[in-house]
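Let's take a walk through this model together, starting on the inside and working out to the open space. Have the structure up on your screen as you read.

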Amino acid sequence: MIITKHRADRVMLYNISWQQFENLLQDLGENRAARVAYDDGNLEIMTPLPEHEQYKEVISDAVKDIAEELDLDYESLGSTTWKRERKMAGIEADNCFYFQNEPLVRGRLDLDLQKDPPPDLALEIDVSNKSLNRFPIYARLGVPEIWCYDSGELKIYLLQSGEYVESEKSLVFPSLEIRDLPQIIVQNRTNGRRAIRKAVREWVRSKS
């Protein structure tokens, strides 16, 4: 095992077996701030910074508010650990949501990617430039859509033939210009979280 420390908020581990990955998850436990990503022997452990968490919460709230305004059923499962040993892939998103497949997981607490569909949407906040490329991990797990926030931009990526392609439109909310969300957030940030949520809801109504 080789350890390389890149920054104060993350550690990269190399040549990690699947069993070592499983053991580490068990040692870390569920009540922790750190999040992990595993890609065929390479493991990143990241402790999010306040800026990262703020954007995660604001954009996650926006997803929920949009769903409410559009009367869409959804399930939000936060930073659940998704993993498939056969694919040598494991990840904890900044947040993840079920929309299209929500009826299949509704009310369940025993989800397993060996038999259940992956989340329909994963959210990745990259204000601190994550060391490990997460796209190949998500692709092997079969997550159809990723939203990536970085440097004031929110980009949409859709899984096509095993690779992610940037898209103008979201599969989850095809009627909305999702990339406008950061501007709405910035315009209302100084007025507080409630003002941002109100602005998002009004924006959705204006597009309906």
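**Inside the fold**

Start at Ile178: leaving aside residues up to four places away in sequence, Ile178 touches Ile66, Trp147, Leu154, Ile156, Ser170, Phe173 and Trp203. Keep in mind that this is a predicted model.

Ile178 also turns up among the residues with the most contacts inside the largest nonpolar core, alongside Ile66, Trp147, Phe173 and Leu181. That core has 29 residues. Two or more residues come from each of α2 (50-69), β9 (121-125), β10 (145-150), β11 (153-160), α5 (181-188) and α6 (193-207), and α2 gives the largest share, with seven. There's a second, separate core too, made of 21 residues, including Ala89, Ala122, Leu132 and Val143. In soluble globular proteins, nonpolar side chains tend to be buried together.

Finally, look for the largest pocket, which holds about 340 Å³ of space. It is lined by 13 residues, and those closest to its centre are Gly29, Glu30, Arg32, Thr81 and Glu92. Both α1 (18-28) and β6 (81-84) supply at least two residues of the lining. Sorted by class, the lining of this pocket has five charged, five polar and three nonpolar residues.

Technical notes:
Residues numbered from 1 in each chain as written. Predicted model: local features only at pLDDT ≥ 70, side-chain atom pairs only at ≥ 80, totals over all residues. Heavy atoms only, no water. 1 Å grid on protein atoms, 1.4 Å probe; cavity = no way out; pocket = protein on both sides within 12 Å on 5 of 7 lines; lining within 4 Å. Points joined across faces, edges and corners; volume = space filled by probe spheres on them. Helix = DSSP H or I, 4+ residues; strand = E, 2+ residues; numbered from the N terminus. Nonpolar A, V, L, I, M, F, W, Y, C, P; charged D, E, K, R; others polar. Core = buried A, V, L, I, M, F, W, Y, C linked by side-chain atoms within 4.5 Å. Buried < 20%, exposed > 50% of the residue type's maximum accessible area, 1.4 Å probe, protein only. Contact = heavy atoms within 4.5 Å.
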